[in-house]
Amino acid sequence: MPSHSRPVFLNLLQIRLPVAGIMSIAHRAAGVLLFLSIPFLAALLSVALSGQAGFLQAQTLLKQPIMQVILFLLLWALSHHFLAGIRYLLIDVHLGVQAPRYRQTAWAVLILSPLLALLLLWGLW
Amino acid sequence: MWQRASAIYLAGFIVYVLAWLMFTPPGDHEVLKYWLAGLGMWLATALFFLALLLHAWIGVRDVILDYVKLPGLRLAALATVFAFLLTCGLWVASILMGLL
Amino acid sequence: MEFRIYRYNPDVDQEPHLQTFEVETDRGMMLRDVLLEIKRRDESFAFRHSCGEGVCGSDGVNVNGRNRLACITPVSDYRKGPVVIRPFPGRPVIRDLVVDMSDFYRQYHAVDPWLKRKDPVPEQESLQTPEERARLDGLWECILCGCCSTSCPSFWWNPDKFLGPQALLSSWRFLADSRDQAEEQRLDDLDGPYKVFRCHTIMNCVDACPKHLNPTQAIGHIRNLMLKKSV
């Protein structure tokens, strides 16, 4: 018997992830991104509340193109995490846990999230 | 369970704030300060950040429990995240206290 | 049609590799028939199979990235090749498509998958109304094929601590059974952050199940019961 241990097939690029699984890992990634952005949210709030100068500073910063891109990504993460979260809460009360509904709602979350993010970006600025 | 409960509050608060920012954007610093310093809004905001930190803690803790197996490394990761969130919490608390 | 089959012989190979076979396919052929043809050509090829009709749960494999039962997966599901057949993800490979399912069986065993009574055994049947019996539908039909648990990322990362969709579905099968009298003990056995709570409702299991069962729904019932008992 050879001494090397048994191989395991776990190449994530070769394993097909169903749509609900894609939505799920995106929900987790979005959550981590939002978690990392908490200090920036706090900083923004702090600056905006520090006085009129600070408020204008925050406003100007947010209007920068690079900040608009970052803001879109954060709004997308928020939208996805939010919509996926609603989907999970509904599944918790047994709504949409059966086939084919759970796949349909997963698609809906994936497609609506960037659209919602765009809408929010447009509406906020 | 706390993850779900905090999620519901966070969802409600975020929808409210985003709607407010979209339909009645604060023109200047005074408007923002006045809005946040009102007792109802101030309490709701404080509760928001408490719920956010709790929700974030449960979420990231789950991620660490899933992926980080080595006991020492896991403890370090959990402690780091906890300290990070606690620091953010204290910072936000000082910001909010400054409004009173 | 072209088939690429995962091969690994521990006595000969250092690494697993894919071997290509050109197999003529006709209407009605199942993937198991293809595997049997390959076995006919190469005696050393190893894979588990038995009933040939999707009830024994022996021939679970990963086909083009999805877990299927080879005997009830029509070749016609794949309009053109190559069809890549690999063993179940996350399980140590013993040889070719044969994997070590020990963790899977251990977790099944860990939920005490049998009826537990406190009352003395009745003279004849343990009576059950049709409504009570209906609660077992979608649970008793599990054939322990492993398609669900080996498609679950949480089970990949923690097969020793997370029970997995199959074992949890089985646990609910007994919790939901009106004849079972060990609810409290069963729920106690599910305590902790790992056994149940590594389930993040990813739902790969529901997609994978060849009997169209829904472990996510069963796990949801377990969670609700746990919540009810804790309040």
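Residues 105-124 of chain A are 100% helix and 0% strand, with the end C-alpha atoms 27 Å apart; helices here are DSSP runs of H or I with at least four residues, strands are E runs with at least two, and both are numbered from the N terminus. This is a predicted model, where local features need pLDDT of at least 70, side-chain atom pairs count only at pLDDT 80 or more, and totals for chains, interfaces and linings use all residues. Residues are numbered from 1 along each chain as its sequence is written, while chains are lettered from A and ligands numbered from 1 in the order in which they are written.

**Chain A segments**
- UniProt, in an unreviewed entry, lists residues 66-84 and 105-124 of chain A as "transmembrane region"; such annotations may be inferred rather than shown by experiment, and the positions follow the numbering used here, with feature names shortened.
- Residues 66-84 of chain A also come out as 100% helix and 0% strand, and their end C-alpha atoms sit 27 Å apart.

**Chain B against chain A**
- Here 19 residues of chain B are in contact with 21 of chain A (contact: C-beta atoms, placed from the backbone, within 7 Å).
- H1(B) gives the most, with six residues.
- By class, that side of chain B has 14 nonpolar, two polar and three charged residues (nonpolar: Ala, Val, Leu, Ile, Met, Phe, Trp, Tyr, Cys and Pro; charged: Asp, Glu, Lys and Arg; polar: the others, Gly among them).

**Chain C against chain A**
- For this pair, 29 residues of chain C are in contact with 21 residues of chain A.
- Strand S6 (93-95), helix H7 (204-208) and helix H8 (215-230) of chain C are the elements giving two or more residues to the side that touches chain A.
- That side of chain C has 13 nonpolar, 11 polar and five charged residues.

How values were computed. Contact = placed C-beta atoms within 7 Å.
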